[in-house]
Amino acid sequence: MPASLIPSFLIYCFVGGITPGPANLCSLSAALRYGRDPALRQWRGLFCGFFLDSMGAVALTWLLGAALSEYVGMLVWVGAAYLLWMAWHMLRSSGADPDHDPAAPSFRMGLLVNLTNVKVIIFCITALAGYVLPYNGSLWALLPVGLFLPFTGPACNLVWLFAGVSLQRLFANYRKTVDLVMALSLALCAVSMVWPH
């Protein structure tokens, strides 16, 4: 990936990781209901699930890139469209309380949450297909980014875990402002993916 895309890539990782999703909401709920230690046990499972999703995305992206190299440009547009959809969805979200009552937090629960988390799977494939594959389709170019990705989402899960109550209040009081800033950030990431360098 060109150095000029690194800021956009990092913004993509942050916004994709920090926005509400199944893993973040599980982290928040587990910390509020059961305390730090059970929530951290579940977080370890979230991390492992994210890692497995990321390595699966590396393999899929590498195989797809090797087999369909002439269609890589289309994947960038699909990734950019997904980012714009996320931005639009964020702006029109109702702000309804997504709190649910999960089973007691466990490693297995965290692992299953992220192994079935479509947001994480699409996040990893979009990052690899949009930021790496157009410039280098080798496994050795995709693998370092794939190894980096599991440290983005789960780090944001920890933010939700440790600052859940404060973050929940922030979202409740300034929901529209926070959503607007994150939506604009996602839109900028989408534009930078398809804009000629």
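Trainee: How many helices and how many strands are there in the protein chain? Please then examine helix H6 closely: what span does H6 reach from its first C-alpha to its last, and which residues in H1 meet H6?

Mentor: This is a predicted model, in which local features need pLDDT of at least 70 and side-chain atom pairs count only at pLDDT 80 or more, while totals for chains, interfaces and linings use all residues. Residues are numbered from 1 along each chain as its sequence is written, and side-chain values use heavy atoms, with hydrogens and water left out.

The protein chain contains nine helices and zero strands, where helices (H or I, at least four residues) and strands (E, at least two) are DSSP runs numbered from the N terminus. Along the sequence this gives the pattern α-α-α-α-α-α-α-α-α. Of the 197 residues in the protein chain, 45% are buried (under 20% relative accessible area; exposed is over 50% and partly exposed lies in between, with a 1.4 Å probe and protein chains only). Taking contacts (heavy atoms within 4.5 Å) between residues at least 6 apart in sequence, 87% join residues at least 24 apart.

Helix H6 covers residues 118-131, 14 residues in number, and reaches 19 Å from its first C-alpha to its last, close to the expected 20 Å (1.5 Å times one less than the number of residues). Ten of these 14 residues are buried, so H6 is largely enclosed by the rest of the structure. Among the buried residues of H6 are Lys119, Val120, Phe123, Cys124 and Tyr131.

The axes of H1 and H6 come within 11 Å and cross at roughly 175°; axes are lines fitted to C-alpha atoms, for helices over the stretch in contact, with angles from 0 to 180 degrees between N-to-C directions. That angle makes H1 roughly antiparallel to H6 (over 145 degrees; under 35 is roughly parallel, 65 to 115 roughly perpendicular, and the rest oblique). From H1, the residues Ser8, Phe9, Tyr12, Cys13 and Gly16 meet Lys119, Ile122, Phe123, Thr126, Ala127 and Tyr131 of H6. By class, this contact has seven nonpolar, three polar and one charged residues (Ala, Val, Leu, Ile, Met, Phe, Trp, Tyr, Cys and Pro count as nonpolar, Asp, Glu, Lys and Arg as charged, and the others, Gly among them, as polar).

Asp53 is buried, at a relative accessible area of 10%. Neighbours within four places in sequence aside, Asp53 is in contact with Asn114, Leu115, Asn117, Val120 and Ile121. Of these, Val120 is one of the buried residues of H6.
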